[in-house]
Amino acid sequence: MSSFAAINKTMSDTIFSKIIRREIPADIVYEDEQAIAIKDINPQAPTHILVIPKKPIPRLSEATESDRDLLGHLLLTVQRVAEQAGLSNGYRVVINNGADGGQTVDHIHFHILGDRQMKWPPG
Ligand code: AMP
């Protein structure tokens, strides 16, 4: 399936698919054929950006072998977007997966958090 076909409306439609289709506004900082990056509406750090594939994979645990190239592309997109955002002193990358992981939007996404010192362990 092409990435364009994958963003057509489905049963699993989420707010991120609506943003990708420009049905609701977002602060888009990067876009290519396979992915989009937006500023998080409720930032948890001075810089908080979400990297989202156009293909609506619900969560990491539902990705398959066929998503191998896309997942690699998304990580390289994280790297590119973080560099573009000027996070030269480091940053944190987070994937929340499922209920215990704290995931609230069922469309896989990578959080990029930066411009402050992160703590460990996360809450
Ligand atoms: P998660 O809890 O890992 O599923 O992350 C979902 C993230 O999406 C949260 O950090 C929300 O603040 C963010 N979010 C929800 N709706 C929007 C929106 N319309 N525009 C930008 N970010 C959003």
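R22 counts as partly exposed in this predicted model, at 48% relative accessibility, and lies in the loop between α2 (15-20) and β1 (28-31). The phi angle of R22 is near 65 degrees, a positive value in a residue other than glycine. A positive phi, near 70 degrees, also occurs at D115, a residue placed in the segment after β5 and partly exposed, with a relative accessible area of 47%. The two residues are set out below.

| Residue | Phi | Relative accessible area |
|---|---|---|
| R22 | near 65 degrees | 48% |
| D115 | near 70 degrees | 47% |

The segment after β5 also holds P121, which is joined to W120 by a cis peptide bond with omega of about 0 degrees.

Strand β3 (residues 47-53) is mostly covered, with seven of its seven residues buried. From this strand T47, I49, V51 and P53 point one way, whereas H48, L50 and I52 point the other way, and all are buried. Strand β3 pairs with β2 (residues 35-39) in the antiparallel sense over five bridges, and within that pairing I49 of β3 is the bridge partner of K39. Strand β5 (residues 110-114) likewise runs antiparallel to β3, to which five bridges join it, and here T47 has G114 in β5 as its bridge partner.

At the surface, L75, Y91 and V93 form a nonpolar patch with about 250 Å² of accessible area together. Of these residues, Y91 is found in strand β4 (residues 91-94) and has a relative accessible area of 36%, so Y91 is partly exposed.

Conventions:
Residues numbered from 1 in each chain as written. Predicted model: local features only at pLDDT ≥ 70, side-chain atom pairs only at ≥ 80, totals over all residues. Heavy atoms only, no water. Patch = residues over 30% accessible without salt bridge, like charges linked within 9 Å, V, L, I, M, F, W, Y side chains within 5 Å. Areas by Shrake-Rupley, 256 points an atom, 1.4 Å probe, with all protein chains shown as cover. Salt bridge = Lys/Arg side-chain N within 4 Å of Asp/Glu carboxyl O. Helix = DSSP H or I, 4+ residues; strand = E, 2+ residues; numbered from the N terminus. Buried < 20%, exposed > 50% of the residue type's maximum accessible area, 1.4 Å probe, protein only. Pairing = 2+ DSSP bridges.
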